[in-house]
Protein chains: 2
Amino acid sequence: MHQLMGGSVKFDPSNMVLTAGATPAIEILSFCLADQGNALLVPTPYYPGFDRDVKWRPGVDLIPVHCRSSDNFSLSITALEQAFSQARKRGVKVRGILISNPSNPVGNMMTQDMLYSLLDFAEEKNIHIIADEVFAGSTYGSKKFVSIAEIIDSEYIDKSRVHIIYGLSKDLSLAGFRVGVIYSYNNNVLAAAEKLSRFSSISTPTQRLVTSMLSDKSFIQEYFETNRNRIREAHDAFVEGLSELGIKCAESSAGMYCWADMSGLIRPYSEKGELELWEKFMSDAKINITPGSACHCIEPGWFRICFTTIALEDIPLVIERIRRVVESCKSSS
Amino acid sequence: MHQLMGGSVKFDPSNMVLTAGATPAIEILSFCLADQGNALLVPTPYYPGFDRDVKWRPGVDLIPVHCRSSDNFSLSITALEQAFSQARKRGVKVRGILISNPSNPVGNMMTQDMLYSLLDFAEEKNIHIIADEVFAGSTYGSKKFVSIAEIIDSEYIDKSRVHIIYGLSKDLSLAGFRVGVIYSYNNNVLAAAEKLSRFSSISTPTQRLVTSMLSDKSFIQEYFETNRNRIREAHDAFVEGLSELGIKCAESSAGMYCWADMSGLIRPYSEKGELELWEKFMSDAKINITPGSACHCIEPGWFRICFTTIALEDIPLVIERIRRVVESCKSSS
C-alpha cells in the first residue's frame, strides 16, 4: 500500500486485519460498525457488490446519495446532508458513509478538499467513514490519487472513525488469490475484525506466494508502472473508439472501467429502456456490460464497461460490435 | 471423501459447496438453516469453536444436550427429546441438531443405529441434521467409521434435512490451507450456501495445489494409512502413560485428542476447581489442555488433550510433566 501510493503515506501493520479478499473485509466492517436495520450512506452510482456485502448477512441498509452527470458524478456534501436528515426523519440510524475512491464504476477520484469535507461531515454527525481504495494503484490520469490515510495525520481529526479497505484483486490483478485488508485506526474495530477474520482467512500457500512477491520491491515498482501504462493505453483507445460512435464517457483517471453515457440510445428513457439496451448488448453483440441501474445510478442510460479484459488489439473488434448496436438503435428509433 | 471413507460411499460434486475451511462452512449452514434467535441442539461435550461459528454472526443459539461419562459420553435420544421439549416450552424454535462425528473432543463415533435414531428424531420434529465429519479419516480403532451419507440412501429417508461438513484441516493436516466443504442434499441450502461462500472462497493457488495432491490417489492412500498408524501409536502411548498416572480416558477411536478424567485431582469438584487445575497445567507444566467446561461438559474435571502435536519420542517428557502436576495435586489435598 505504501509503495503503490508513491510512498506518500506509511501504513502500520498493527492497524491491519487481513481477510480473504476485499469482499469479506467490507462485510466484516459492516458487522463491526452497524447493527441490523442501521444504514450506511453511499454515493451513487456505486459498486453493485456493496449490496451483497453490506445487506445480505449484516442486515445493514444502504442509503443512496445521488450524484449526477452534471457534476461528473462527484459527491456533494449537500446531498449527503439531505440523505442523512431524511434517514433520521424515517427513524433510521446512519452509522457511516461507504465510499469507493477511486470510484467504481465512474473511475473519478475524490479531491483532498472533498475528503476533508467528508471528515468534517462524519465528525459532525458522529458517524464512520469506510473508504474502499482497491483501485488506489490503478491510476492512469495526470491527477495523483489521495488516500484518506494521507490527510488524517492531524491532531484535529478523530482517526478512530476512519476505516480503509484494500486488496490485491484489482491493483495486482490477483482476484483469485483472495487477499484483502481492513486498515483501521480504531482498536475496538480491529479487535472485532480480527476475530471475524477467522471466517475469511488467507490460506498459507497464498500468504507465502504473496509475501515473496511483495518483498520484491523492484518487481512491484515495475509491475505498477507497466500496469498503469497498459490501463492508460486501453482506456484511451476504448474511450476514443466510443467517442467516435458518439458515446461520451464520464471523466475518469483510475480503475478498469469507463462509465459511458448511452442515454441517447434508450427508448423509453427509463430503467426499462436501459435494461433493454443491456439485453441487446448481451444477445446481439455478445458484450456483457453493467447497466447503471445495477449501480443504483439515478440517471438512466449509463453503463459501466470494463476495458481491461480484452487485449489492446481486440478493442477495434469490440468497438465495431458496439457500433452495430448503436446503429440498430438509431435505425429503430 | 469417497476415498477416505474406504470407498463405501459416493459423493456427488453437484452437492458440494467449497468454503475456506470447515469454520465458515458451519457458519454458512447456520445462516441458511436458522434465523436469529432460533437454536440448534448439540450433544456435549462439544467442540468449543461451535459457539463462535453458530452464535457470533448468525445469532443462533446452541442448546446443550448433556452426555455423561457413565455412557462414555454417547448421545441418547431421551436426552435429545428432553432438550427439544424444554426449548419448545421456552418458546425457542429448534431448527436442527449439530453433531461432530467422530466426536471432538471425546473421539468416539456414532453407531449406525444411533444415526438411524437421529434421522427418525429429525424427521419427527421436522428439523435438520448438521454432521461435522472432519475427523472421518482419522480413525485408529478397530471400529469402522459410518458417515451419515452412507445410511441415507433409502427412499424412506428425507435427505433434504441432512448436511455434512468436511475439510482438509484434520484428516490431511492442512489446517492453514483453509479448505472446507458443505455437502448437502438440499438444493435450496446449496444455492444459498454457494452465494455466501463468496465471503469465504478458496484461493486459486491453494485450489491448484490441493487438486494436484488429491488427484494422486496412491499418495492419498499411503498418506491415510501412515497417518492413521501414527495417530494410533501416539494415542496408545499417551493414553497408556496417563493410565500409569491413574488418569483414565474415555474410550475413543478417532481424532487427535484424548478425553481425560482428572476429576479426582480437582478441589473443589466444580468448574472453579477444573479451571484452577488448567491454570496449574499452563503455569507449572507449560502444557495447554482444554478444560471440559470450554466444551460445555456437565461433569467437572474432564480435559481434552491433543496428543498429535508432539513427536512420539517426546511423549514420556510430557507424561513426566503431567506426573508432577498430579503429585502436586495429591500432596496438597
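The model is predicted: local features need pLDDT of at least 70 and side-chain atom pairs count only at pLDDT 80 or more, whereas totals for chains, interfaces and linings use all residues. Side-chain values use heavy atoms, with hydrogens and water left out, and residues are numbered from 1 along each chain as its sequence is written.

Contact (heavy atoms within 4.5 Å) links 25 residues of chain B with 25 residues of chain A. Two salt bridges are counted between chain B and chain A (a side-chain nitrogen of Lys or Arg within 4 Å of a carboxyl oxygen of Asp or Glu). A salt bridge joins the side chains of B:Glu27 and A:Arg57, at 3.5 Å from N to O.

Within chain B, helix α8 (residues 217-244) packs against helix α10 (residues 315-332) at an angle of about 25°, the axes lying 10 Å apart (helices are DSSP runs of H or I, at least four residues, numbered from the N terminus; axes are lines fitted to C-alpha atoms over the stretch in contact, and angles run from 0 to 180 degrees between N-to-C directions). α8(B) is therefore roughly parallel to α10(B) (angles under 35 degrees). The contact is made by B:Ala234, B:Ala237, B:Phe238, B:Gly241 and B:Leu242 of α8(B), and by B:Ile315, B:Val318, B:Ile319 and B:Ile322 of α10(B).

Note on methods:
Chains lettered and ligands numbered in written order. Helix = DSSP H or I, 4+ residues; strand = E, 2+ residues; numbered from the N terminus. Parallel < 35°, antiparallel > 145°, perpendicular 65-115°, else oblique.
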